[in-house]
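Me: I would like to learn how to read a few features of a model such as this one, taking one at a time. Could you give me the general idea first and then the case at hand?

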Amino acid sequence: MSDAMFLIVCSIAFFHSVYGGTFSNPTCAPGRYTITHLFEWKWTDIADECEKFLGPYGYCGVQISPPNENRVVTSPNRPWWERYQPVSYKLVTRSGTEAEFRNMVDRCNKVNVRIYADVVINHMTGGGSGSGTGGSRYDGGSLSYPGVPFSSWDFNAGSECHSGDGDIHNYNDPNEVRNCRLVSLRDLKMSKDYVRDKVADYMNNLINIGVAGFRVDAAKHMWPGDLRAVFGKLHNLNTKYFNSGQKPFIFQEVIDMGGEAIKAAEYTPIARVTNFIYGIKIADVFRGNNPAKYLKNWGSAWGMPSPFDVVVFIDNHDNQRGHGGGGGVLTHFEHRAYKMATAFMLAHPYGFTRVMSSYDWPRNIVNGEDKNNWYGPPHNGDMSIKGRSIKADLSCGNGWTCEHRWRQIYNMVAFRNLVFGTTVNNWWDNGNKAIAFSRGNRGFIVINDDTVDVNANLQTGLPQGTYCDVISGNYENGACTGNEVHVGGDGRAHFHISHQSEDPVVAIHIGAKKGSPKKVIL
Ligand code: ARE
Ligand code: CA
């Protein structure tokens with residue numbers, strides 16, 4: 001092979017290892033690297049949030065709740081999960097109308113914030129009949145969905161599913177997982193061209209409106225070949241907002257924690273997957289069960305996929321309430337450990353990061369199960385979704401938790417933007433549960449998950465100067481509202497972090513260095 005040829009082969013290999021195929025390539029505006037899931041938010045609130053907060057504070061985008069018409073469930077009263085039971089692909093939901101959806105996508109794109117739609121394409125509703133949020137009729141008994149339209153021959157039946165009652169019971173049988181019904185939800189026959197076309201038409205409608213990509217619900221319940229065929233029909237992104245030739249960013253919900261027949265590796269050649277191992281292992285560390293010192297080789301060495309094939313998160317809308325392989329992850333209810341874990345996630349280069357943004361609900365845990373885990377979003381008397389209110393410290397009210405607005409979290413989103421492209425350097429640990437590392441010469445973080453204080457002089461790798469700790473405060477008008485860290489000419493600085501602190505973390509970066517031109521928000 002000639003040198004030139006070798007170089008071309010190397011650069012193609014590099015391109016693939018970085019982007020893993022085009023659908024795996026995030027479609028963020030430059031300098032932005034984290035999305036937030038605004039679970040069950042209404043479109044008018046998201047539009048406002050893009051302009052007032054997500055744009056200015058450097059978020060890449062928003063994962064939204066499914067935008068298509070769903071079943072109206074009244075028993076229990078309007079649970080969040082009704083949105084995972086499609087009735088048609090009309091854009092009418094509790095989050096808003098089609099006009100409101102279009103307005104949100106336009107306004108968010110204009111402030112460089114992308115919209116990623118959660119698409120439920122494996123199935124339609126469960127049993128029973130009624131009308132959806134857009135007024136379309138459905139009958140899960142006779143498999144009739146005139147709003148699409150789908151009818152009985154568009155669904156998998158006894159010839160495809162051999163489980164007996166039509167439902168999935170055995171997760172070790174790939175055929176059953178993909179051709180039978182997930183919790184009785186009517187399973188679409190994605191091997192049919194007609195079904196593929198209807199699904200692709202829906203996704204293309206969203207692309208044409210201006211969405212930047214998709215979270216694909218229940219992806220492991222669809223054959224990789226069928227997904228490939230559907231994604232193959234997708235348009236490039238709308239050139240009103242994106243460069244020509246850009247493909248949507250796609251991440252497939254594949255729960256693979258090992259030990260089952262279906263592997264994430266079957267899906268990573270197509271697009272990214274959600275990495276469910278991440279949150280479980282991180283919870284173990286930040287609950288103190290596995291000393292943080294072991295995070296030194298965090299990443300693929302922990303049995304996780306390539307960083308370029310995954311979306312990572314501490315918790316999601318399912319496992320924060322015990323659904324979907326849940327249990328054991330950290331959530332906003334354990335705020336101290338949750339903030340530490342999120343700071344670590346955002347400081348570390350592994351994976352494309354997603355910050356969960358929740359609403360509160362009155363947990364009622366009986367024998368380890370939350371009897372109230374069905375609770376829908378904060379709502380008005382007529383069951384319409386209640387808007388979030390904003391407090392002086394930027395946090396939310398009206399029942400919305402808004403983790404994405406917690407200073408300890410949003411400042412780490414900016415940290416990630418600033419250090420992007422650098423590696424982990426200057427690793428330090430106390431031999432147990434306190435750790436520190438730099439990202440190149442641009443940022444440095446210390447996390448004390450130990451039962452003793454950190455009182456140490458550490459090599460930060462950063463240029464000399466006074467930095468604002470972005471966990472305890474902000475860099476505003478040339479001053480720190482929280483603690484300061486003094487880095488000497490030798491790159492070293494002294495850190496004292498009490499093990500009793502509510503936020504036993506210090507993070508500094510070159511964008512919040514005193515004397516730097518302005519508070520850096522990308
Ligand atoms: C609801 C009722 C059911 C009822 C059904 C139909 O709760 O009792 O039978 O309606 O009437 C969500 C809720 C479900 C809800 C559904 C539809 O979680 O409770 O059912 O909406 O309204 C598996 C899948 C994974 C899935 C999780 C929940 O593999 O894809 O289960 N996650 C997505 C979404 C969910 C959503 C759906 C899919 C359905 O994120 O929010 O369901 O669209 C092991 C396996 C996992 C498996 C897990 C749990 O860990 O490895 O694959 O996850 O167990 O079974
Ligand atoms: Ca299926």
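Me: Is Cys60 buried or exposed, and what is its relative accessible area?

Reply: Buried means under 20% relative accessible area, exposed over 50% and partly exposed in between, with a 1.4 Å probe and protein chains only; Cys60, at 0%, is buried. The model is predicted, so local features need pLDDT of at least 70 and side-chain atom pairs pLDDT 80 or more, whereas totals for chains, interfaces and linings use all residues. Residues are numbered from 1 along each chain as written, chains are lettered from A and ligands numbered from 1 in written order, and side-chain values use heavy atoms, without hydrogens or water.

Me: Which residue forms a disulfide with Cys60?

Reply: A disulfide is a pair of cysteine sulfur atoms within 2.5 Å, and here the partner is Cys28, with the sulfur atoms 2.3 Å apart. The torsion about their S-S bond is about -90 degrees, so this disulfide is left-handed. Cys28 is also buried, at 18% relative accessibility.

Me: How many disulfides does the structure hold?

Reply: There are 5, and with the bonded cysteines numbered in sequence order the pairing is 1-3, 2-4, 5-6, 7-8, 9-10.
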